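Student: Could you go through this structure with me, a piece at a time?

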Amino acid sequence: MNRLLQWPSLEAPFWVAALAVVVIFPSDLSLATAIAVMALFAVSLDLALGIAGILTLGHALYFGAGAYAAAALATLGWAEPVSGVVLAGIAAALLAGVAGPFILRSRGLPLIMVTLVLGLFAFELANKASDFTGGDNGLSDIVLAPVLGVFHWSVYARVEYLYVLAFLFVGFQGAKRIVGSSFGLALRGIRDNPVRMAYLGAPVQSHLLRAYLSSALLAGVAGALSAQTTRFVGTDVLSINTSIDVLVMLVLGGTGSLYGALVGAIVYMLVHHLAAEWNPYHWMFIIGALLVFVVRIGEGGLVGIARRITERSRQTIGRRAKGRP
Amino acid sequence: MSEPMSESGASTPYALTARGLHKRFGGLTVADNIHLSLPAGARHALIGPNGAGKTTLVGLLTGLLRIDSGQIWLGSTDVTRLSPQARVKHGLVRTFQVNSLFPSLTVRQNVELALSEHAGTSRSMLRSIGSLTHLAERALATLAQVGLEHEAGRRVSELAYGPQRLLEIALALALEPRVLLLDEPAAGVASADAERMMSAIERLPCDIAILMIEHDMRIVRRFAQTVTVLVAGQVLATDTPEAIMTSEAVRRVYLGSGGQARYDHRS
Amino acid sequence: MEPFFAGASFIALYGISYGIVLFMLSVGLVLTLGLMRVVNLAHAAFAAIGGYVAVGLMNTLGMPFVAAALASALLVGVGSLLIERLVYTSLYQASELDQVLMTIGLMFLTTASLNLVFGPDVVPARLPAWLMQGLDLGFRKVQTYRVFVIALGLALITLLWLLFERTQFGARLRAAVDNRSMAAATGIDVRRLYSLAFALGSALAAFGGAIGFAMLPLEPLYPFKYLTLMLIVVSLAGMGNLRASAGVAVLVGVVDTAARYLLPVAGAFVVYGVFVVLTLWRPNGLFAGRVR
């Protein structure tokens, strides 16, 4: 059975609950918006890391590229937001199209180092190019037209949240589509055993590049949504912290299932929010402990734990049913 | 460069032709002027002592290693300069001596991977694999060829060693090879599973040319029409199994002094 | 000509001494990566702890600088054995992702702990007076510290060379880096070798962190700040390539210093640009590909 498809029964209630947030927590919609943005970013990382096995520590590059592209479009007078997001996603994918062929030549540790160094380079570049990025002050003069010409952006972030949620829904369904296709199966094959894939005649590099581009596209969209909904882009969108944050979210939820990206982003962002008053150094205890915890519990993160619990209870129920005459 | 023709001069070329293959690693010659030709449907065994260069030869034929000189044809196509992937597309498929599978996927998904690469559907990103119903059917049919259809839903990591060896062959079969290189298919298989393996090999489609590397003379005798003996990177002899086994030269060079007992026991 | 010469000698002196410290920090990582294939991103944490311990010994017990650095290297080396047993043993068989996650986690825990105990600021510490003095090299006056670090580095490189090329331990280590399973088959206790190499690498990083505290200031974020430079050294040297690592570390130090000196505005940006191109060009090290 396709492990990915064991959870659809919970998916519909999830989206309903996500919509219900508007009614239940009307005053926390800024937070909910930020969570939805990071969830989409985590989904994009899962496509590259969890599904295709591209071990990257520099995915903030595409999140940041999307954010700056969206901001640049707005400052240039392109105020229509939806097309702005799409264009920003394409810009990020184009960047991946340039960097990807080089990055994907390596695997494992060299890949980690290359993506890390490239990420740092982009961060330094953004700090130096302060004419374009605003340097330490960031860009905050992002002016947008109403969504679809009808829905006005509001202080309560209700439009923002629904806007991001719509993109998250579409992006998630797209990612699920990719994973469920035979291309997606090929990606999981490459993750398991790239050598044998080559001996099955698979164009391994081209498969990986297309996965990387799709992932960058979604990451760019997430970055653009972040820029549009907060009306602000700072250089920290490109920082290593951003790359590590999204990695922690993904592995906390569980890699390779796409659902883990949603769960992880929600849990991580909520915990982070509750600890917002803390000294940032103390927050590092939490991240460090989370990472150690995730590795110790083994495969699958929180989604993996949930799966194991349901499987075990199903077995117990089955055994009881058999035990009765 | 002339096309390789079968000896009778007929217009049907060999399924696989290797001419004058040379390979050196530093000062060591691991392939020395090797000639090999397999007609369609060949059942050819490659034997030789450890270090004779059998695995190297497979590497050269599949394109993992680059030859220093010589030529390789698949049918009438010169594949000498082609990548391993391109050779697969021309019908040259191999299995691995050490299982090389996709452990986190199911048995059926393993075969589906091979099928969809072969059919070219692996490039379609948005069509659900479930909608490719013929893929699932063909996967089950391929598994049935090696007797694994009842394991289709199990994860490979949960599969015993013997069935994993069979899956190696099923993966190769899914690619509809014209030439199949079996690298010690029975290596490490318990005797209980060996019969299952042998009968699976005997059931392989008869139009595939098969080159099998094998140590076990019982298997070689049962399988092969032709045997090539490789010693120190050179072809010592190519002949029928019976002729090879009675050849004094083969006995002397291949078996050495201590090999007598093992040879007798195995044959 | 005169300003050019002054600039060049400044870059050489500061760049090489900086590179020497980078070498001390990263050589252990080159070694353990080559030997155990463990992606130990927390390696820089050992350097940070080494620096903190040494400064602590100096400030509270009044230990001399070099003695404190040596004592700290010893302490961290021994302590790392314990951590290796507790944490890293289970990582040898783990996936690269798990290795990355676990060691990033350790890095976070180290940084958070350093902040908790010593506070968020740079640790106040001073070099001994004799190292602060100027040293007249004939053509210019320089800080004795820089010359001292270079001399120390050359001595250390010689010692390591002797260890790796001339001792039984070194021969085993090189054999295991080349081919682990073969080494194990010939009766080398690879497990013990791992532990010793790990401890040696951690001790060297601690020593580097202690000796280099005047160049790389000690602060809780130390493990994150210098990880990148270390990874650049490791990836350009190539995993397990000990001979290349000294040269590459000095090269990185000189390029970094030169860029900051000659292009004060674009500095770090140019440096990362150069290294991005180099790592993309040769992801397995500048000297990779010759052996295979």
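Tutor: Chain B is divided into domain 1 (1-90 + 179-185 + 211-267) and domain 2 (92-176), with bounds that come from an automatic or database domain assignment. This is a predicted model, in which local features need pLDDT of at least 70, side-chain atom pairs count only at pLDDT 80 or more, and totals for chains, interfaces and linings use all residues. Residues are numbered from 1 along each chain as its sequence is written, while chains are lettered from A and ligands numbered from 1 in the order in which they are written.

Student: How many residues does each domain of chain B bring to the contact?

Tutor: Domain 1 of chain B gives 13 residues and domain 2 of chain B gives 10 residues, where two residues are in contact if their C-beta atoms, placed from the backbone, lie within 7 Å.

Student: And which element has the largest share on the domain 1 side?

Tutor: That is E7(B), with five residues of the side of domain 1 of chain B that touches domain 2 of chain B; strands are DSSP runs of E, at least two residues, and helices are runs of H or I, at least four, numbered from the N terminus.

Student: Switching topic, how many residues of chain A and chain B are in contact?

Tutor: In that pairing, 22 residues of chain A are in contact with 31 residues of chain B, and H8(A) supplies the largest share of the chain A side, seven residues.

Student: What about chain C, how many helices and strands?

Tutor: Chain C has 13 helices and two strands, and its C-alpha atoms fill a box of roughly 60 × 45 × 35 Å along the principal axes.
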